[in-house]
Amino acid sequence: MGPGPRSLHKAGRRFPAGDKRGRGAKGSGRPPPGRQRPPDGSSEPAPDAHPHLSPEALGYFRQALSALKEAPETGEERELMVHNVLKEVEAEALALATNRTGSEIMQELLGFSPLKPLCRVWATLRSNFRFVACHRCGVHVLQSALLQLPRLLGSPAEREEEDVEEEEDGKDGPLETLEELVLGLASEVCDDFLFYCGDTHGSFVVRTLLQVLGGTLLESERARHRGSQSPEAQRAPAREGKPSDFEVPETFLNRLQDLSSCFLKDIAVFITDKISSFCLQVALQILHRKLPQFCAQLCSAVIGYLSSRNSSADGSPLLLFLRDQTSSRLLEQVLLVLEPPRLQSLFEDHFQGQLQTLAAHPIANFPLQRLLDAVTTPELLSPVFEELSPALEAVLAQGHPGVVIALVGACRRVGAHQARVLQLLLEAFHCAEPPSRQVACVPLFATLTAYEVYYRLAEEEGAVPAEHQVEMATARALGEVTVLGSLLLQHLLHFSSPGIVLRSLGALTGPQLLTLAQNPAGSHVLDAVLTSPSVTRKQRRRVLKTLKGQYVALACSRHGSRVLDAIWSGAALGARKEIAAELGERNQELIRDPFGHHVARNVALTTFLKRRVAWEQQQGAVAKRRRALNSILED
């Protein structure tokens, strides 16, 4: 394959590390999707329209929160403290929620709240719902209240409390249940849906409400509110990057259907308005998991609307919206939730023949990446690959490596075109010919740098590439590993035949492999070596033996210690003895190190040094249990 439209020799020192997008991404071509003040200021009330929180009250709540954090996690004293503090919160709810510092304190206090006090605080705020939901501080209190539902819904302890406190409801009439309060909130939102979705602050409430009604918390929301939870909730395991599901009553799903119908009534607004569009994007993710038929309806409505607009000069009218900052984000989500037959039709009707143009566009390359992420069938991958593969080097030179990584990921997922895409990558990074250069592919892929740039060679265009110099390669320290470069290597290591990449990893020196293992992104490359089913035990040992002599440095590194733990977990008894012996020579250094002492404990280093026979018996028993477990899993 010859050089693309823009040769790497002219593309600077390395492939541009583009594909940065999101909050404050430099050069992304899009503003961050954070909260912004509406231009007319209509959702902000006058300064004196709400009660103010006195400094004394603010000081009390700050001290109360500090005391709750320090108090024992269980016991009558703690329960009484929580009850008393939340009584005061109920009395000052509106003033607290609309104060910047008070709002942050209130969010944390709600994380400690039992069912009844939360319902009382919620009921107090409900009479001012529109004001609080559209307030820059109050909105986060409502979000925090909604995010307590996974903890409180259906909890046996909370049902017992409900029975005990039922007598207290008689003073001001019966207190609504948590389910009734959420449904009431959903009704208010539904009645003025366009307003809340279009309001800078109110849209956050809508997005959180959609997740709660669907019984699914998206990772972005859980991460944002992790600090506003009780210690028990903070310790609860959460799988990184994946939504968290919880049980909800049938009434919640019925109300979720009502809200999805609201999107259909004004689909044009939700496609073109930036703030409202975020609500539709969240709805698609929730509906895809819980009500797929309604998700399909919304997707059809979006595609139908965009396809009916004025045609672009170069084909489908949809192409215009793929280049738009707002609608392209929505289309990304549509691509991720479409069923395979519908995705195939969408590609054939709108994308086919335009992939290279989209890959070169600063905005449209992101929806293209999502299309590639959604590919699951050979029928779709084949035409996509044939169209995109000739332009891999040009796409890299244009600063859009995410498109290439997404294509490689699709080849891994579908199990097709793997040998061809690897050959094209070797050509794009100028290490395919002569064959001796192929052993250098790992540093080049990891740093997203062409061969002559990485090794600082002054090669003229058209000249015969020089042979790889092993001495030059071993003398050079490993370059800066990029996140996308790490992802590329992880995909390649999961190919059915990762031999070329493994040989390149095996050619790294001990210090170079150590640098890879200690790097936040590079450490995941070694994870792939340890976990890929395509890597045999013999190949794994050949790569990892280079780390001999580097175990202490690994153990004393934040990311390296995690790699060493993973190596230890899969090591046979003989390999464990070697690792423990090397670590034991510098036992005191390990014990003093904040990461090393965890490794020493995991390895049982003290036992190894003082009672070797007992250590070997212990490790032998562990190995026996692991073999038994593996045989069960294989059966």
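This is a predicted model: local features need pLDDT of at least 70, side-chain atom pairs count only at pLDDT 80 or more; totals for chains, interfaces and linings use all residues.
Residues are numbered from 1 along each chain as its sequence is written, and side-chain values use heavy atoms, leaving out hydrogens and water.

**The overall picture**

- The protein has 42 helices and two strands; these are DSSP runs numbered from the N terminus, with helices being H or I of at least four residues and strands being E of at least two.
- Of its 635 residues, 52% count as buried, where buried means under 20% relative accessible area, exposed means over 50%, and partly exposed is in between (1.4 Å probe, protein chains only).
- Take the contacts between residues at least 6 apart in sequence: 74% of them join residues at least 24 apart, with contact meaning heavy atoms within 4.5 Å.

**The nonpolar core**

- In soluble globular proteins, nonpolar side chains tend to be buried together.
- Here, the largest nonpolar core has 191 residues; such a core is a set of buried Ala, Val, Leu, Ile, Met, Phe, Trp, Tyr and Cys residues joined through side-chain atoms within 4.5 Å.
- Leu125, Phe351, Phe445, Leu505 and Leu583 have the most contacts inside this core.
- Helix H26 (residues 401-414) gives the most to this core, namely nine residues.
- Domain 1 (52-157) and domain 2 (571-634) each supply at least three residues to this core, with domain bounds coming from an automatic or database domain assignment.
- Leu125 is in contact with Ala93, Leu94, Ala97, Met106, Val132, Val141 and Leu142, once neighbours within four places in sequence are set aside.

**Well-covered helices**

- Helix H7 (residues 138-146) is largely enclosed by the rest of the structure, because nine of its nine residues are buried.
- Among the buried residues of H23 are Asn365, Phe366, Gln369, Arg370 and Ala374.
- Those buried residues of H23 pack against helix H19 (318-322), helix H20 (325-337), helix H21 (340-351), helix H22 (355-360), helix H24 (378-388) and H26.

**Helix pairs**

- Helix H2 (residues 76-91) and helix H5 (residues 115-126) pack at about 10°, their axes 9 Å apart; axes are lines fitted to C-alpha atoms, for helices over the stretch in contact, and angles run from 0 to 180 degrees between N-to-C directions.
- H2 and H5 are therefore roughly parallel to each other.
- Leu86, Val89 and Glu90 of H2 make this contact with Pro117, Arg120, Val121 and Thr124 of H5.
- Helix H12 (residues 202-214) packs on helix H15 (residues 250-265) at an angle of about 140°, with 8 Å between their axes, which makes H12 oblique to H15.
- On the H12 side the contact involves Leu209, Leu210, Val212, Leu213 and Gly214, and on the H15 side Phe252, Leu253, Arg255, Leu256, Leu259 and Phe263.
- H12 and H15 have a left-handed crossing, meaning that the near helix is turned anticlockwise from the far one by less than a right angle, whereas clockwise would be right-handed.

- Most residues other than glycine have a negative phi, and most peptide bonds are trans.
- The peptide bond from Glu433 to Pro434 is cis, with omega near -10°, and Pro434 is in the loop between helix H27 (418-428) and helix H28 (441-447).
- Leu448 isn't a glycine, yet its phi is positive, near 55°.
- You'll find Leu448 in the loop between H28 and helix H29 (451-454), and it counts as buried at 2% relative accessibility.
- Ala604 also has a positive phi, about 60°, and lies in the loop between helix H40 (596-603) and helix H41 (605-610).
- With a relative accessible area of 16%, Ala604 is buried.

**Two residues to look up**

- Gln490 lies in helix H31 (residues 483-493) and is buried, with a relative accessible area of 19%.
- Leaving out neighbours within four places in sequence, Gln490 is in contact with Arg412, His524, Val525 and Ala528.
- Cys556 sits in the loop between helix H36 (551-555) and helix H37 (558-570) and is partly exposed, at 23% relative accessible area.
- Not counting residues up to four places away in sequence, Cys556 touches Leu590, Asp593, Phe595 and Gly596.
- Cys556 and Ile591 are 35 residues apart along the chain, and their C-alpha atoms are separated by 9.7 Å.

Notes. Angles under 35 degrees count as roughly parallel, over 145 as roughly antiparallel, 65 to 115 as roughly perpendicular and the rest as oblique.
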